[in-house]
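Thanks, everyone, for coming. I would like to walk through a few local features of this chain, and I will begin with its aromatic rings.

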Amino acid sequence: MLELYYFLGVIAVLLVYFVTLFIVAQLIKNNSIVDIGWGFALVLVAIFSLLFVYLTGLGGGLDVLKVVSAMLMIAWGLRLSIYLFIRNVGKPEDYRYVNMRKKWGNNHPMLKAFLKVFMTQAAFSFVIGAPIYFASINNIVLLGDFFKPIHLIPLLLGVVVFIIGFYFQTVGDAQLKRFIATRKSREEVMDKGLWKYTRHPNYFGESMMWWGQFILVALSVNYLGLIAIISPLTITLLLVFVSGVPLLEKRYDNNPAYQAYKKRTSKFIPWFPKK
């Protein structure tokens with residue numbers, strides 16, 4: 001029964017948060033704030049999970065992996081939301097959402113924004129947050145058992161994969177920011193640093209962090225933890241085939257420099273450039 005209350009609580013947190021975000025977006029006429037707010041949604045889920053486990057004893061109460069999983073999710077969400085806030089504060093609505101408004105016209109634009117943007121984002125947040133759910137509902141590691149290889153190895157492996165992803169996303173974003181600030185024309189292409197080895201180091205980093213979370217949890221709980229693979233699979237497929245790489249690269253279809261960069265540089269997984 002506690003598990004049911006926990007999941008209902010997670011759903012309530014996400015609904016209240018995204019409804020509030022929707023109201024703010026309509027007041028300032030900027031639906032793209034959902035991008036800024038997405039990371040913080042899972043920060044709230046992680047905090048709620050820790051509090052629920054602590055207060056109810058769900059999954060045997062707090063243990064090492066529950067805390068580590070939540071801390072990694074909080075680190076991911078805070079970094080992403082703060083970075084996007086700093087990058088976008090004071091700027092007009094992102095072109096993707098402007099195009100959505102044009103497409104919707106006067107045919108119930110607020111309702112469509114609520115369902116197609118904010119509730120869709122809430123649904124994706126619920127799916128992508130899967131690793132922490134399995135960490136919360138399972139009795140994984142008591143402090144005294146922490147140093148047993150069966151628990152320590154997946155924890156360390158998951159954390160290492162997460163840190164690699166965090167490095168690629170953080171450093172990739174910083175390198176791109178410096179490049180944009182110093183480039184001489186909009187036709188120039190960023191192909192230095194991590195961008196020499198992958199056209200999308202920040203997206204690769206995003207994917208890696210969620211694979212780290214999955215490894216951390218799935219290899220530490222019973223076989224049901226494997227269901228959490230839906231989280232990294234969803235985020236990776238979205239980034240590579242739907243809303244990440246395809247949308248961004250479409251903007252450079254008419255840029256010869258980018259097309260040349262595209263031919264020599266790995267699309268997603270870092271690799272040495274072709275000569």
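This is a predicted model: local features need pLDDT of at least 70, side-chain atom pairs count only at pLDDT 80 or more; totals for chains, interfaces and linings use all residues.

Y258 and Y261 both sit in helix α11, residues 256-264, three residues apart, or about one turn of the helix; helices here are DSSP runs of H or I with at least four residues, strands are E runs of at least two, and both are numbered from the N terminus. An α-helix has 3.6 residues a turn, so residues three or four places apart point the same way.

Residues are numbered from 1 along each chain as its sequence is written, and side-chain values use heavy atoms, with hydrogens and water left out.

Rings of Phe, Tyr and Trp (its six-membered ring) are taken to pair if their centres lie within 6.5 Å, with planes under 30 degrees apart counted as stacked, over 60 as edge-to-face and the rest as tilted. By this rule there are 22 aromatic pairs. One of them joins F7 and Y133, which are edge-to-face at 5.6 Å centre to centre, with 75° between the planes. That pair links distant parts of the chain, since F7 belongs to helix α1 and Y133 to helix α6 (residues 130-137), 126 residues apart.

How covered are these two residues? F7 is partly exposed at 25% relative accessibility, whereas Y133 is buried at 4%; buried means under 20% relative accessible area, exposed over 50%, and partly exposed in between, with a 1.4 Å probe and protein chains only. Ring pairs also gather Y6, F7, F48, F52, F126 and Y133 into a cluster.

Turning to the backbone, most residues other than glycine have a negative phi. K29, however, has a positive phi near 55°; this lysine lies in the loop between α1 (2-28) and α2 (33-56), and at 63% relative accessibility K29 is exposed. H108 likewise has a positive phi, near 50°, in the loop between α4 (95-104) and α5 (109-128), and H108 is exposed, at 53%.
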